[in-house]
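Subject: The structure I promised you

Hi,

Here is the structure we talked about, with its sequence. Have a look around it, then read on for what I found.

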Amino acid sequence: MNHEVAVTGLGVVAPHGDSPGALFQALLQGRSAIQPVYPELPKPAAAATVAFDETRWFTKLQLAGVDRVSQLAVAAADMAMRDAGIAAGDADPERIGVFAGCGMGGAAALEAAYRGNGRVSPLTIPAFMPNAPAAHVAMRQGVQGPVLTYSVACASSSAAIAEAAKAVQRGEVDIAIAGGSEALIVPGVVLAWQAMQTLATFQPGEAAGAVRPFAADRSGFVLGEGAAFLILESAERARARGARSYATLAGWGLSSDATHLTKPDAPGQARALRAALRQAGLQPRDVGYCNAHGTATRIGDVVERNALADVWGDDLGALRVSSTKALHGHLLGAAGALEALITVLAVHERQLPPNAHCAEIDPACSLNLVQPGDTAAPSLEAAVSNSFAFGGTNSVLLFRRPDAS
């Protein structure tokens, strides 16, 4: 039996705070969390960082060997479980799973090891391994079912949510804690991304508006950090326990470009979009909003636009599009989870975050971008969240209103 998959809990630790509602309102208002970092670096750098008090979640003793990436994951997953109204003992621990995405693991632990003048913590390895966040979430929540980590760059946590949905749909787990975390704002990682020439350039005092998805003058993205988790369970189980359902995860599509390690491919992205629509049993015209991958790179935005145009065809003008990376940065392995959470709220609230900082759209990116101040979507029934990664992995999640399922 295939179960309908409901989203019953949301938890987030993001550059705009740890309240999903406050985060969503900040995005609707176009408030950027991007600011300058590391003035000592040779070139100007900016990032979207999290104000996080780890003592809310860990004692000093517990923090030994727990990298920031795992701290953020534990907090976001815990808040998601609380939001879903699930307490210890409410479900068989063997019937709960953790499905987490993480692109690069514990960067702070590695940075400390490299800069330690020969003194390296014996806990460096368990701190930086990419599956540490999922393991810490499992220990905190007492999860004894599948605990899995997906590491496919920018699609990591979107793919994790898709795999979690499959497990719920098939009845393999009763509850899936699905999402991801990333904490890469350290000098060495910023330097590496600068060397790749994918990060946005900006003038002094203009960091907040440096990321301009689909704009004629776009120059790249900035890094962000954070964690986001969704609680997935069958719609039948949610109804039986009287839980609120934010949305239904009705479709997902995974594909590979199989063409180039870093250059995106429109046909590959289109395959993932079509797969999500097919599974949901929807036509492109049924989907009113796309939270775009939208990294504001010269090549990436055009390729994504072309993929959407290929799938939507004559209905492209009716699809409203925005990339929220302009405001919260690119969370890499956690991007898919944060943007999925934002898409769930867009469907739930029937409000769309604007595509910020786009004064003039690139003609090659012609899309119906959500404009600041024009965020209402009173008839929205379904939306997609795109995550397209280095390595060629594409992941698309399709959410519907529960009453539209």
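Let's start with helix H1: the cover over its buried residues includes S1, helix H11 (325–328) and H12. Before going further, keep in mind that this is a predicted model.

Which residues of H1 are buried? They are Pro 20, Leu 23, Phe 24, Ala 26, Leu 27 and Leu 28.

**H1 against H12**

Now look at how H1 (residues 20–28) sits against H12. Their axes come within 11 Å and cross at roughly 85°. An angle from 65 to 115 degrees counts as roughly perpendicular, and therefore H1 and H12 are roughly perpendicular to each other. On the H1 side, the residues that meet H12 are Pro 20, Leu 23, Phe 24 and Leu 27. On the H12 side you'll find Leu 338, Leu 341, Ile 342, Leu 345, Ala 346 and Glu 349. Sorted by type, the residues of this contact are nine nonpolar, no polar and one charged.

**H6 against H12**

H12 has another helix packed on it: helix H6 (residues 156–169), at an angle of about 65° and with the axes 5 Å apart. Here Ser 157, Ser 158 and Ile 161 of H6 meet Ala 335, Gly 336, Ala 337 and Ala 340 of H12. This contact divides into four nonpolar residues, three polar and no charged.

**The sheet**

**Strand S4**

S4 (residues 96–101) pairs with strand S6 (residues 175–182) in the parallel sense over six bridges. Along that pairing, Gly 97 stands opposite Ala 176, and Phe 99 stands opposite Ala 178. S4 also runs parallel to S5, with four bridges joining the two; Val 98 has Val 147 of S5 as its bridge partner.

Is S4 enclosed or open? Six of its six residues are buried, so S4 is largely enclosed by the rest of the structure. In a regular strand, side chains alternate between the two faces of the sheet. You can follow this in S4: Ile 96, Val 98 and Ala 100 point one way, while Gly 97, Phe 99 and Gly 101 point the other way.

In soluble globular proteins, nonpolar side chains tend to be buried together. The largest nonpolar core here has 62 residues, and the members that touch the most others are Ile 161, Leu 230, Leu 232, Leu 249 and Phe 399. Helix H12 (residues 335–349) gives this core its largest share, 10 residues. Apart from it lies another core, of 33 residues, including Val 66, Ile 86, Ala 91 and Ile 96.

Beyond its close neighbours in sequence (up to four places away), Ile 161 touches Ala 178, Gly 179, Leu 230, Leu 232, Leu 249, Ala 337, Ala 340 and Leu 397.

**Two residues in one loop**

Finally, find Ala 292, in the loop between strand S10 (289–291) and helix H10 (298–312). Buried means under 20% relative accessible area, so Ala 292, at 0%, counts as buried. Leaving out residues up to four places away in sequence, its contacts include Phe 214, Glu 304, Lys 325 and Asn 386.

Thr 297 lies in the loop between S10 and H10 too. Thr 297 is also buried, because its relative accessible area is 18%.

Happy exploring!

Conventions. Residues numbered from 1 in each chain as written. Predicted model: local features only at pLDDT ≥ 70, side-chain atom pairs only at ≥ 80, totals over all residues. Heavy atoms only, no water. Buried < 20%, exposed > 50% of the residue type's maximum accessible area, 1.4 Å probe, protein only. Contact = heavy atoms within 4.5 Å. Core = buried A, V, L, I, M, F, W, Y, C linked by side-chain atoms within 4.5 Å. Pairing = 2+ DSSP bridges. Axes fitted to C-alpha atoms, helices over the stretch in contact; angles between N-to-C directions. Parallel < 35°, antiparallel > 145°, perpendicular 65-115°, else oblique. Nonpolar A, V, L, I, M, F, W, Y, C, P; charged D, E, K, R; others polar.
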